[in-house]
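I opened this notebook to record what I looked up in one structure. The entries run from the whole chain to a single residue.

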Amino acid sequence: MKFLERLGLAVFSIIILTLSIVLILIGAGFIEPTIFSILITKIVTVQNYIYVLYVVCGILALLALKCLFFTTPTEENDNYDEEGIQLQNEDGTLLITKTTLCNIVDGVVMEIPKVHNSQTNVIIDNEGNVSLDVTINVANGVTIKDVSSKLQSKIKKTVKESTDLELKFVNIQVINVEIDDTEDIKEEKEPKESKSKAEK
């Protein structure tokens, strides 16, 4: 919602609230109706007050016309909501949820060796473009650049094949390099075994 529309809504809400309270107080006998006739008489008799009244009424009228007839179309795209993105076809609509996209990414990550613990964040912009932020852990010794490029390509391809959805970006963030403890254990055992053979 644009600034003028928010302003117009706020102004008219305040006016309606004020009028409602005044009418309730008049009806309950707390305010005399003659007070308003005196105020109006003073405003009309003083020329400067009339100009101010014209300006205020003109601004309110313009805001009213803007809100009633010239509302700005919503910036949100009808093809998506908070849960996912809708694909249109001749038979109807298909909702691809964010959870579905995350599961597809998890499946792709499982197929790539030495990549673990993926977490996916689905981002849908105002134009309906879908991007993915994927965080992963990789094993020690992996060439991060090659693995990331391979993962990006495979995710885009798999999502396209599964959902017919074109991803705008697949952003990969490597948050940890995991060192395999079993390799350290093997390295420790091998020198000990060779030492024991040498002693024999």
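**Basis.** I worked from a predicted model, in which local features need pLDDT of at least 70 and side-chain atom pairs count only at pLDDT 80 or more, while totals for chains, interfaces and linings use all residues. Residues are numbered from 1 along each chain as its sequence is written, and side-chain values use heavy atoms, with hydrogens and water left out.

**Whole chain.** I found 6 helices and 6 strands in the protein chain; these are DSSP runs numbered from the N terminus, helices being H or I of at least four residues and strands E of at least two. From the N terminus, I read the order as α-α-α-β-β-β-α-β-β-α-β-α. Of the 200 residues, 20% count as buried (under 20% relative accessible area, 1.4 Å probe, protein chains only).

Beyond four places in sequence, Ile 155 is in contact (heavy atoms within 4.5 Å) with Val 105, Val 108, Leu 132, Val 134, Leu 167 and Val 170.

**Thr 120.** Is Thr 120 buried or exposed? I noted that Thr 120 counts as buried because its relative accessibility is 19%. Thr 120 lies in strand β4. Leaving out residues up to four places away in sequence, Thr 120 touches Cys 102, Val 105, Asp 106, Leu 132, Asp 133 and Val 134.

Methods. Buried < 20%, exposed > 50% of the residue type's maximum accessible area, 1.4 Å probe, protein only.
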